[in-house]
Amino acid sequence: MSPPTAPLAARLGDVLAREIKASELSRALVVVGPLVAAYFVLSEPALLNLGLIAISLLIPALRLRLAPRSVVLHYVVILVTFGTLFLAAPVKPLFVSLAALAAFLAVAVTRYGEALRTLGNWVFIPAVYLACEVREGVSAQEALRHAGVIIASSPIALVLVCGIQFLDRRHGEPVPSGYGPAAVQWFLPAAATAIAVFAAAALVEMLDLAQGQWVIWSAASVVVGDLSASTGKLKLRAIGALVGVPLGLMVGIALPPSRIGYSLAVLGATLTLIAFSRYAVGFGLRCFLIALAAAFVGGASGIAEERVANVLMGGTFGLIAVALTDIIWRRLAQKVEGEPAGDGAAR
């Protein structure tokens, strides 16, 4: 006699409820879905990039319960950072330096509240990602046109996110009075992130690495605390890439090229940024969907090695930066503690 299916279905429902943030996912679908649909109708790639701006606005808006004016300010900072990095891209040393500065500031904001790390991350990620993505494999003129379309159409993303915020306010969602306690040790992770991004961006520019934004993004992403925590984050990213990318390619190779398949895969990949409770699940599925999207448009050649290598390279830079800044900080602290009191008073 076979066991009843009802308890199994109930357990499956419980698992999905724990793993998937249904409320955030539904809001993200309302915000990103129309942009992907518009891409499918108009065949304008910039609309897919606009989805990244939309989700980058939505994540802090929901998690920090930002007021509409704060969402607008966040939007402006994303566009300014993206525009600055995009215009600096032809001058490689300038781009590398500005990317490192953006990474430093993304973490340094925690001196005003630890929760602001979320806001800083979601300025840095879309700005750097788009600055690299828009100019890759195209002429300077086409890159400028693409960037112009993103900026010109970006108010659509802002309106969609503010619309979600407006509906939440009507249902009594409170606006927070602050963003948590100020981070006392904000400088060390900010410096480590800047060093990691500087090294990663320099490597990308020197070697003209394809999809270099993955290297830069990974370098910043793994700087989450001490060396142990950062190593754990890199392991999760490595597992996600090693499992998700090959699986996505295998599924994609078995399917015919499809524009609607590509659109849905990109939509799914964008939604993974907000939809899952566990980072490893979200990142692994994101890698799977990005590889699947590449397969749908015939761009899967070499993507597995490229994605995995980029994640590991960037993460390694992050670990080295964490270890380096920790060593320097400890030595400086020991030096200060070892100085005679009189010398310190004299200065």
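Visitor: Where is the place of S43?

Guide: S43 sits in the loop between α2 (22-42) and α3 (46-63). A helix here is a DSSP run of H or I with at least four residues, numbered from the N terminus. This is a predicted model: local features need pLDDT of at least 70, side-chain atom pairs count only at pLDDT 80 or more, and totals for chains, interfaces and linings use all residues. Residues are numbered from 1 along each chain as its sequence is written, and side-chain values use heavy atoms, with hydrogens and water left out.

Visitor: Why is S43 called partly exposed?

Guide: Look at the cut-offs: buried means under 20% relative accessible area, exposed means over 50%, and partly exposed is in between (1.4 Å probe, protein chains only). S43 has 43% relative accessibility, so it counts as partly exposed.

Visitor: What is the phi of S43, positive or negative?

Guide: Positive, at about 60 degrees, although S43 is not a glycine. Most residues other than glycine have a negative phi.

Visitor: Where is the place of D208?

Guide: D208 lies in the loop between α8 (187-207) and α9 (213-221). Its phi is near 50 degrees, a positive value in a residue other than glycine. D208 follows α8.

Visitor: How do you know whether D208 is buried or exposed?

Guide: Its relative accessible area is 56%. That is over 50%, so D208 is exposed.

Visitor: How do you know that the reach of α8 is close to the expected 30 Å?

Guide: The expected span is 1.5 Å times one less than the number of residues. α8 has 21 residues, and 30 Å is expected. From its first C-alpha to its last, α8 reaches 30 Å, close to that value.

Visitor: Why is the pair of F82 and F86 called tilted?

Guide: A search of the whole structure finds 8 aromatic pairs. The rings of F82 and F86 have centres 6.1 Å apart and planes at 45 degrees. Rings of Phe, Tyr and Trp (its six-membered ring) pair if their centres lie within 6.5 Å; planes under 30 degrees apart are stacked, over 60 edge-to-face, and the rest tilted. So F82 and F86 pair, and the pair is tilted. Both residues lie in helix α4 (residues 68-88), 4 residues apart, about one turn of the helix. F82 is buried, and so is F86.

Visitor: What makes the aromatic pair of F104 and F187 edge-to-face?

Guide: The angle between the planes is 75 degrees, and the centres are 5.9 Å apart. This pair links distant parts of the chain: F104 in helix α5 (residues 92-108) and F187 in helix α8, 83 residues apart. F104, W186 and F187 form one aromatic cluster.

Visitor: What sits over the ring of Y279?

Guide: The charged end of K233, 4.6 Å from the ring's centre. The rule asks for NZ of Lys or CZ of Arg within 6 Å of the ring centre and within 35 degrees of the ring normal. R259 has its charged end over the ring of Y39, 5.5 Å from the centre.

Visitor: What makes R135 and E205 a salt bridge?

Guide: Their closest N and O atoms are 2.6 Å apart. A salt bridge needs a side-chain nitrogen of Lys or Arg within 4 Å of a carboxyl oxygen of Asp or Glu, so this pair qualifies. R135 is in helix α6 and E205 in helix α8, 70 residues apart. R135 has a relative accessible area of 25%, so it is partly exposed. E205 has 5%, so it counts as buried.

Visitor: How many salt bridges does the count come to?

Guide: It comes to 7. One of them joins R63 and E24, with closest N and O atoms 3.7 Å apart. R63 lies in helix α3 and E24 in helix α2, so the pair ties together parts 39 residues apart in sequence. E142 and R145 also meet in a salt bridge, at 3.2 Å, N to O. They are 3 residues apart in helix α7 (residues 140-170), about one helical turn. E44, E142 and R145 are linked in a network of salt bridges.

Visitor: How do you know that R117 has no salt bridge?

Guide: Lys and Arg count as positive, Asp and Glu as negative; His and the chain ends are not counted. The nearest side chain of opposite charge to R117 is E114, 10 Å away. The limit is 4 Å, so R117 has no salt bridge. R117 is buried and lies in helix α6 (residues 116-135).

How values were computed:
Helix = DSSP H or I, 4+ residues; strand = E, 2+ residues; numbered from the N terminus.
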